[in-house]
Amino acid sequence: MDAIENRFDELVRSSARLVRAAILRVGGRAARHVEDLEQRVYLALWRRFQAEGGPPQEIAAAYVYRSAVREAVRELRSLPPEEPLAEGLDPASPAVDPERQAAGRELGERIAAALARLAPDRRRAVAAHLQGFEVAEIQRLFDWDYQRARNLIARGLQELRQQLAPEVQDE
Amino acid sequence: MNELELASALRRRSVEPHPAEETWERFATGELSPAERERLLDHALLCGECARALRGVLALGDLRRPQRRWRPLWVGVGLAAAATIVALVAIRPDLGRPARHDRQVRGTESATVAILEPRGSLGTPPGFFRWRRVPRATSYRLRLFSDEGVPLANVDRIAAAELASDKLGVELRPGRYVWKVEALHPPAMLASSRLVGFEIRP
């Protein structure tokens, strides 16, 4: 057991910078809880050490890195969206009229359906833009130059509005 | 309908099934095939939860793909060397391991808090959590987790090198637990214990 614990301690010591750097980079807003995330990474590792005596030495650091990514992704996915929803559409708000909650969910589905009718690159550019990605991030995701990313967003948004226009007017 | 309303509705949309955690890890390490990557992106961009995860993982792209800008030659050489090291760390994280003589992290992991009790298998819930005193520490923080890693207690400002179980604020029922202690000299953390497990038998 001591040998396992010593290996674990060694891994924690040698990986501490890597874990923190990965959490800070991946975590974004979740990185505010960086210490809790670090603990979760180490707990996951500790359980694996207990169960298996630890990963092979040659992949140990890679395993730590993946654990850090996994915990940060979990945390990010559990966070609520940053922006307040347009009034009355927040499904999580107890004060909201159930009909409007349903309307909020339905609107999301209609937007997704309208996006699906766009050409693939326009769909990706507009969806990424609406999800809050910066132009530079969209460029990196799809390997587009700045002008192409901007054009796809602008034209895609215009087309999306046209797609949604008849439905919106019905409301 | 304005852009804010469109964005708000899309960001609150959740589409199941979500990509597996392993898929995210492979995306972060650049191991997905082009088709797998496309599937992940097409899902994530229409799913608010996964879009947040995607933005986070995308931040690692800064490590994998350093921006190229013109610089005087000597700066360029330095940047190229640094970029090579960073890229190697991203591809082979084990290369980021500090050399043995440089393994103290932020001055906080240089010492270990020795855990005394509880540990191992116990017939009854422990009355106290005890550890060895750390010189210069003015207080301690105890963290207790379930065996699944769920945080159960986080008690701060412990003056002595022990804490009565009833101060944890949780009932210790039969099961497996993990705990650790951090020795503090606020705002610095002087030392941290290893994670120690114990089991309370039914």
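**Exercise 1. Determine how many disulfides the structure holds over all chains, and examine Cys47(B) and Cys50(B).**

*Step 1.* The count over all chains is 0 disulfides. A disulfide is here a pair of cysteine sulfur atoms within 2.5 Å. In general, such a link is a covalent bond between the sulfur atoms of two cysteines.

*Step 2.* The cysteine sulfur closest to that of Cys47(B) belongs to Cys50(B), at 3.8 Å, which is too far for a bond. Cys50(B) is likewise in no disulfide, as its nearest cysteine sulfur is that of Cys47(B).

*Step 3.* Cys47(B) is buried, with 0% relative accessibility; buried means under 20% relative accessible area, exposed over 50% and partly exposed in between, with a 1.4 Å probe and protein chains only. Cys50(B) is also buried, its relative accessible area being 0%.

*Note on the model.* The model is predicted: local features need pLDDT of at least 70, side-chain atom pairs count only at pLDDT 80 or more, and totals for chains, interfaces and linings use all residues. Residues are numbered from 1 along each chain as its sequence is written, chains are lettered from A and ligands numbered from 1 in the order in which they are written, and side-chain values use heavy atoms, without hydrogens and water.

**Exercise 2. Describe the secondary structure and the burial of chain A.**

*Step 1.* Chain A has 7 helices and 0 strands, where helices (H or I, at least four residues) and strands (E, at least two) are DSSP runs, numbered from the N terminus. Along the sequence, the pattern reads α-α-α-α-α-α-α.

*Step 2.* Of the 171 residues in chain A, 50% are buried.
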